[in-house]
Amino acid sequence: EIRALLHNLIEGGSKKLIIELNYCDMIDSTFLGALVLSLKKMNISKGELRLVCGNKPAWMIFEMTGMAKVFNTFANLDDAMDGFYQS
């Protein structure tokens, strides 16, 4: 479902997305794949995707898989939003 939702947002013209992962019970390879695909689409459309993963389990998944180096990750929503809407 997340892949379809993100696809619709990006194809609909969204250029800036923040996904907050602090409330995710589980992050698996399918979910990571959907995020990677969405990041690629955002890069093609000159958009930006930011992730909030301030809880330890979510952050550890991104650290262990090396995805922390691929995504713009933030500890909290305020940090992710900081400067996001400046021209």
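Aromatic rings of Phe, Tyr and Trp count as a pair if their centres lie within 6.5 Å. In this predicted model, the structure holds 1 aromatic pair. The partners are Phe62 and Phe71, with ring centres 5.9 Å apart. Their planes stand at 90°, so the pair is edge-to-face. A pair of aromatic rings is described by the distance of the centres and the angle of the planes. Phe62 has a relative accessibility of 0% and therefore counts as buried. Phe71 is buried too. Its relative accessible area is 3%.

Lys16 lies over the face of Phe84. The distance from Lys16 to the ring centre of Phe84 is 5.2 Å.

The packing of two helices was examined next. Helix α1 spans residues 2-11, and helix α2 spans residues 29-44. Their axes come within 9 Å and cross at roughly 10°. Angles under 35 degrees count as roughly parallel, and α1 and α2 are therefore roughly parallel to each other. On the α1 side, the contact is made by Ile2, Arg3, Leu6, His7 and Ile10. On the α2 side, Phe31, Ala34, Leu35, Leu37, Ser38, Lys41 and Met42 take part. By residue class, the contact of α1 with α2 divides into 8 nonpolar, 2 polar and 2 charged residues.

Ser38 belongs to this contact and is found in helix α2. Ser38 is buried, because its relative accessibility is 4% and the cut-off for buried is under 20%. Leaving aside neighbours within four places in sequence, Ser38 is in contact with Leu6, Ile10 and Leu49. Leu6 and Ile10 are residues of α1 in the helix contact.

Leu9 also lies in helix α1. With 33% relative accessibility, Leu9 counts as partly exposed. Leu9 and Ser38 are 29 residues apart in sequence. In space, their C-alpha atoms are 9.7 Å apart. Not counting residues up to four places away in sequence, Leu9 touches Ser14 and Leu17.

Asn43 is another residue found in helix α2. Its relative accessible area is 46%, and Asn43 is partly exposed. Asn43 and Lys15 are separated by 28 residues in sequence. Their C-alpha atoms are 9.3 Å apart in space.

Two loop residues complete the description. Gly12 has its place in the loop between α1 and β1, the latter covering residues 16-20. At 66% relative accessibility, Gly12 counts as exposed. Gly12 and Asp28 are 16 residues apart in sequence. From C-alpha to C-alpha, Gly12 and Asp28 are 26 Å apart in space.

Lys46 is found in the loop between α2 and β2, where β2 covers residues 48-52. Lys46 is exposed, with a relative accessible area of 73%. Its phi is positive, at about 60°, although Lys46 is not a glycine.

Methods. Residues numbered from 1 in each chain as written. Predicted model: local features only at pLDDT ≥ 70, side-chain atom pairs only at ≥ 80, totals over all residues. Heavy atoms only, no water. Axes fitted to C-alpha atoms, helices over the stretch in contact; angles between N-to-C directions. Helix = DSSP H or I, 4+ residues; strand = E, 2+ residues; numbered from the N terminus. Parallel < 35°, antiparallel > 145°, perpendicular 65-115°, else oblique. Contact = heavy atoms within 4.5 Å. Nonpolar A, V, L, I, M, F, W, Y, C, P; charged D, E, K, R; others polar. Phe/Tyr/Trp six-rings, centres within 6.5 Å; stacked < 30°, edge-to-face > 60°. Buried < 20%, exposed > 50% of the residue type's maximum accessible area, 1.4 Å probe, protein only. Lys NZ or Arg CZ within 6 Å of the ring centre and 35° of its normal.
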